[in-house]
Amino acid sequence: MKITEIKTYLMHAGTGDALAGGWARRNWLFVKVFTDEGIYGVGEASGWPRVVETAIHDLTEILIGEDPMNIERIWQKMFIAMMGHGMTGIVGGGALTGIEMALWDIKGKALGVPVWNLLGGKIRDEIRMYAHAGNAETALKMVERGYTGVKAGGVKNPLQRVKEIREAVGPDVDVMVDVHGPPWLTVGDAITLGKALEEFNLLFYEDPVAPENVESIARVRRHVDIPLAAGERHANIYGLRELIERELVDVVQPDTGRAGGLMQMKKQAAMAEAHGIGFAPHDGSLGPVAEMAAVHLLATLPNFLILEHREDDVPQRYEVMEPQPIIVNGSILVPDTPGLGVDIVEEAIAHYPSRGNISAPEMDEYVYVQARYGRDRWLKA
Ligand SMILES: [Mg+2]
């Protein structure tokens, strides 16, 4: 079998005005890798989707004629091919991921087995997920739908919101908080916040500091006695190596669209497993294909903890892929169909042309960068 063509599908994955902030500018990028035997594979890439799309087109010419079954060989060929561009981070990681994911889909279809079977076989039949909850009311709604874990994301008033959510859901639901490693939260503030969060029995405190300087999270680690989580902005085994080897976090969170591919994530998980670190992939900005790819991988991992899921996502999520995942009581059932078991719906994707592609910061938070305005909102409940 030989690779003959690679196509990309970029779409707007937000709602409303693409010039508004946050999710309104989200885009999804899907990939199809075609072969001379009529089998094709689908994948999904994140990591600045419009830029990654160009990277995938650049890589395509060195992949035509390759046997798609040789996934590690093709990954190494792409990785070495990008070397001249320097360390390409999550943009390169996204390009590697979209193509590599589609190769697993091809291999599974060619052999008539689900991707989880190729990755070692499954440990579990369903993948437990947590939902996002910005306040106590949403948290209770998610618990009613069967979720046993909720995460307070967003960057405003994290302590106040965690307190309200924990009081609302009681002690038996896992509560997490993500402060998104903002460059405007100092390490000292992250420590103060972490100490204040200790009493709420969190499953993890995510991205307390920006990821660029590993010593920052090392400082938080020394002073805060709750599980820490990080890793969504890192690619490949090299990106997570120091966090894992120095045991600076309790949970790693590679993004299934830009971590470098399913085999890179399998390797990352093995590195983490050797250090007693859990695995809870980032999914917040991803579309449905990457989510299903994560389900196949996570079915095989002994140190899988929990998967992120946007329960109330944009309507197009349910239009651009088929079949839909089966979610029961906050868990996705692991499918038995060959490959990833899903396909994209090109006609539906065409209804959502790409817009935006980079999120607009909330400027009132940036005031804080300049003047540390509103510090009390962060650090008091
Ligand atoms: Mg996050």
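Modeller: Before we start on the helices, axes here are lines fitted to C-alpha atoms, for helices over the stretch in contact, and angles run from 0 to 180 degrees between N-to-C directions. This is a predicted model, in which local features need pLDDT of at least 70 and side-chain atom pairs count only at pLDDT 80 or more, while totals for chains, interfaces and linings use all residues. Residues are numbered from 1 along each chain as its sequence is written.

Colleague: At what angle do helix 6 and helix 7 cross?

Modeller: The axes of helix 6 (residues 158–169) and helix 7 (residues 187–197) cross at roughly 15° and come within 10 Å; helices are DSSP runs of H or I with at least four residues, strands are runs of E with at least two, and both are numbered from the N terminus. The two helices are therefore roughly parallel to each other, a term for angles under 35 degrees.

Colleague: And which residues of helix 6 meet helix 7?

Modeller: P158, L159 and V162 of helix 6 meet L193, A196 and L197 of helix 7, where contact means that C-beta atoms, placed from the backbone, lie within 7 Å.

Colleague: Switching topic, how is the chain divided into domains?

Modeller: The protein chain has domain 1 (3–112) and domain 2 (118–345), with bounds from an automatic or database domain assignment. Their centres, taken over C-alpha atoms, are separated by 23 Å, and the contact draws 33 residues from domain 1 and 26 residues from domain 2.

Colleague: Which element gives the largest share on the domain 1 side?

Modeller: Helix 3 does, supplying 14 residues of the side of domain 1 that touches domain 2.

Conventions: Two residues are in contact if their C-beta atoms, placed from the backbone, lie within 7 Å. Angles under 35 degrees count as roughly parallel, over 145 as roughly antiparallel, 65 to 115 as roughly perpendicular and the rest as oblique.
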